[in-house]
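Thanks for coming. I will take one chain today and go through a few local features, then the overall layout.

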Amino acid sequence: MSNRTEVYLSEQVVVLVSCALSFLGSSLIILTYVLWSDLRTTPRKLLVFLSVSDWLSAASYAFGVWRAFGSDSPDCVAQGAVSTFSNTSSFFWTVAIAIYLYVFIVRCSQRAADSLVLFFHLISWGVPLAITVAAVCLNKIGYNASEVSVGWCWIRIQAPDRVLWMLLTGKIWEFLAYLTLPVLYVLIKRHISGAHAALSEYRPLLASRPASQPFSSMADVKLTLIPVIFIALRMWSTVRFVLLLAGSPARQHPVLVTLHGIGNTSQGAANCIMFVLFTRPIRSRLCATFCCCCGSCGGEEAARPDGGLPPPPAPAGRDASTLTGEDR
């Protein structure tokens with residue numbers, strides 16, 4: 001096929017390594033949730049559902065990259081269907097977590113936030129499933145010639161309405177996430193900053209307590225990184241899609257293809273780094289569990305029951321804090 005994008009062995013190796021890291025990262029998030037019951041807060045539960053989607057994405061993308069499909073086949077369609085469902089579901093769960101934290105922290109309503117969880121399930125699993133089933137039934141999923149993929153199957157490149165189905169099975173939700181995530185996290189950050197400023201007026205002694213600073217600073221860093229990392233990882237896929245629409249051969253450049261492969265398969269690894277490895281109490285528990293890094297694993301850190309993230313400027317016990325901060 002004349003417009004087929006060549007996927008080189010080096011690109012396959014790099015993307016397979018990225019898939020493996022994301023697979024392990026998603027598994028680690030799920031494992032920590034299963035092992036320690038005191039970490040089973042609602043935000044961490046939502047993170048686990050996102051990790052399930054990322055786990056499926058990593059596994060299906062790895063199979064597609066390993067096979068490097070050259071034509072339509074039943075396993076190509078199956079792989080394309082699984083990756084379409086899981087990738088779209090990942091978009092929905094990423095936005096769902098942001099909405100939950102916004103309602104919980106900014107609107108100060110745990111009841112309202114918790115009432116959204118069932119709605120999140122219906123949307124984040126139901127919509128991707130309906131779209132994927134429709135695409136399979138209408139014979140839209142199949143060989144993509146790596147034009148907007150890296151070896152794996154997606155929307156059949158020969159479908160006359162392929163652009164419409166590329167939008168429905170991922171791109172339109174990706175664009176909406178680009179717009180929604182920065183807005184929600186900026187609003188959350190502004191609320192937290194305002195609450196800390198108001199609190200400091202009544203507790204001026206806090207300014208002389210350096211130990212209190214990491215709470216807000218780490219929360220601020222993570223709230224900044226969540227949308228930034230999402231956009232940084234996903235933008236290469238979007239760039240190749242736009243170049244495809246423009247008919248530009250630049251979409252076949254090996255560097256761009258490699259960045260696309262890494263970006264689409266690294267979400268699970270990125271989430272694990274932010275919410276497991278960069279969360280000191282959870283990291284300490286892992287060190288103790290696997291008997292490694294004993295010199296840096298403190299017993300006091302491991303004893304904290306809140307998942308390692310400080311509460312936002314709201315009443316004590318609000319478990320949304322488990323996705324927005326860090327222990328001292």
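**Around Ser 149**

I start with a polar contact of 3.3 Å between the side chains of Ser 149 and Asn 144. A polar contact here is a pair of N or O atoms within 3.5 Å; within protein, one must be able to donate a hydrogen and the other to accept it, and residues adjacent in sequence count only if both atoms are side-chain atoms.

Before going on, the basis: this is a predicted model, where local features need pLDDT of at least 70, side-chain atom pairs count only at pLDDT 80 or more, and totals for chains, interfaces and linings use all residues. Residues are numbered from 1 along each chain as its sequence is written, and side-chain values use heavy atoms, with hydrogens and water left out.

Back to Ser 149. Its side chain also reaches the backbone oxygen of Trp 152, at 2.9 Å. Leaving aside residues up to four places away in sequence, Ser 149 touches Asn 144, Arg 240 and His 260, where contact means heavy atoms within 4.5 Å. Ser 149 sits in the loop between S1 and S2; helices (H or I, at least four residues) and strands (E, at least two) are DSSP runs, numbered from the N terminus. Is Ser 149 buried or exposed? It is buried, with a relative accessible area of 0%. Buried means under 20% relative accessible area, exposed over 50%, and partly exposed in between, with a 1.4 Å probe and protein chains only.

Ala 145 is found in that loop between S1 and S2 as well. Its phi is near 60 degrees, a positive value in a residue other than glycine. Most residues other than glycine have a negative phi. Ala 145 counts as buried, at 1% relative accessibility.

**The cysteines**

How many disulfides does the structure hold? There is one, formed by Cys 76 and Cys 153, with sulfur atoms 1.9 Å apart; the cut-off for a disulfide is a pair of cysteine sulfur atoms within 2.5 Å. The torsion about the S-S bond of Cys 76 and Cys 153 is about -115 degrees, so the disulfide is left-handed. The pair links distant parts of the chain, 77 residues apart: Cys 76 is in helix H3 (residues 74–106), and Cys 153 is in the loop between strand S1 (141–142) and strand S2 (154–155). Cys 76 is buried at 0% relative accessible area, and Cys 153 is buried at 1%.

As for other cysteines, Cys 137 is exposed, at 64%, whereas Cys 272 is buried, at 5%. Cys 108 lies in the loop between H3 and helix H4 (110–115) and is partly exposed, at 40%. Phi of Cys 108 is near 55 degrees, which is positive in a residue other than glycine.

**A pocket lining**

Next is the second largest pocket. Which residues lie nearest its centre? They are Phe 92, Val 95, Ala 96, Ile 99 and Ile 123, out of 14 lining residues. On a 1 Å grid over the protein atoms alone, a pocket is an open set of points where a 1.4 Å probe fits, with protein on both sides within 12 Å along at least five of seven lines; lining residues have an atom within 4 Å of a point. H3, helix H5 (117–137) and helix H6 (162–202) each supply at least two residues of the lining.

**The whole chain**

Finally, the layout. The chain has eleven helices and two strands, in the order α-α-α-α-α-β-β-α-α-α-α-α-α. Of its 328 residues, 49% are buried.
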